[in-house]
Amino acid sequence: NNVMEVGQGPSRMPGDSVLQVYLNIDRRFAFIELRNPEEAIQAMDLDQIKFKGHPLKIGRPANFDQVALDKLRAGKPPPPQ
């Protein structure tokens, strides 16, 4: 949440961007649920950010549905880049 707050600046919505985290330490992966598609896209910009000296691989889940996201976003302006 701290990195998202800094990255979004003063116009960010109040509250936490991250809603839930599932962490599998043995298999070295995690799923992170964000509160909206725009913040999920912003979080993906953190791909390869270093954490404790190691780059994190950040991407969409294998079952990501782009069509459903497009329907959800219909009529809305594109997310910030």
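Helices here are DSSP runs of H or I with at least four residues, strands are runs of E with at least two, and both are numbered from the N terminus. With that in hand, the protein has three helices and four strands, and reading along the sequence gives the pattern α-β-β-α-β-β-α. Keep in mind that this is a predicted model, where local features need pLDDT of at least 70 and side-chain atom pairs count only at pLDDT 80 or more, while totals for chains, interfaces and linings use all residues. Residues are numbered from 1 along each chain as its sequence is written, and side-chain values use heavy atoms, leaving out hydrogens and water.

Let's start with the overall numbers. The protein exposes about 6,800 Å² (Shrake-Rupley method, 1.4 Å probe; for residues, only the protein chains shown count as cover), and carbon and sulfur atoms supply 58% of that area. Of its 81 residues, 16% count as buried, where buried means under 20% relative accessible area, exposed means over 50%, and partly exposed is in between (1.4 Å probe, protein chains only). As for contacts (heavy atoms within 4.5 Å), take those with a separation of 6 or more: residues 24 or more positions apart account for 22% of them.

Now zoom in on helix H2, residues 37-44, where Glu39, Ile41 and Ala43 are buried.

Glutamate 39 deserves a longer look. Its relative accessibility is 4%, so glutamate 39 counts as buried. Its side chain meets that of arginine 35 in a salt bridge, at 2.7 Å from N to O; the term asks for a side-chain nitrogen of Lys or Arg within 4 Å of a carboxyl oxygen of Asp or Glu. By that rule the count comes to one salt bridge. Arginine 35 itself is partly exposed, at 21% relative accessible area.

The side chain of glutamate 39 also makes a polar contact with the side chain of serine 17, at 3.1 Å. That term covers a pair of N or O atoms within 3.5 Å; within protein, one must be able to donate a hydrogen and the other to accept it, and residues adjacent in sequence count only if both atoms are side-chain atoms. Serine 17 sits in the loop between helix H1 (2-8) and S1, and at 0% relative accessibility serine 17 is buried.

Moving on to strand S1 (residues 18-24), we find valine 21, which is exposed at 55% relative accessible area.
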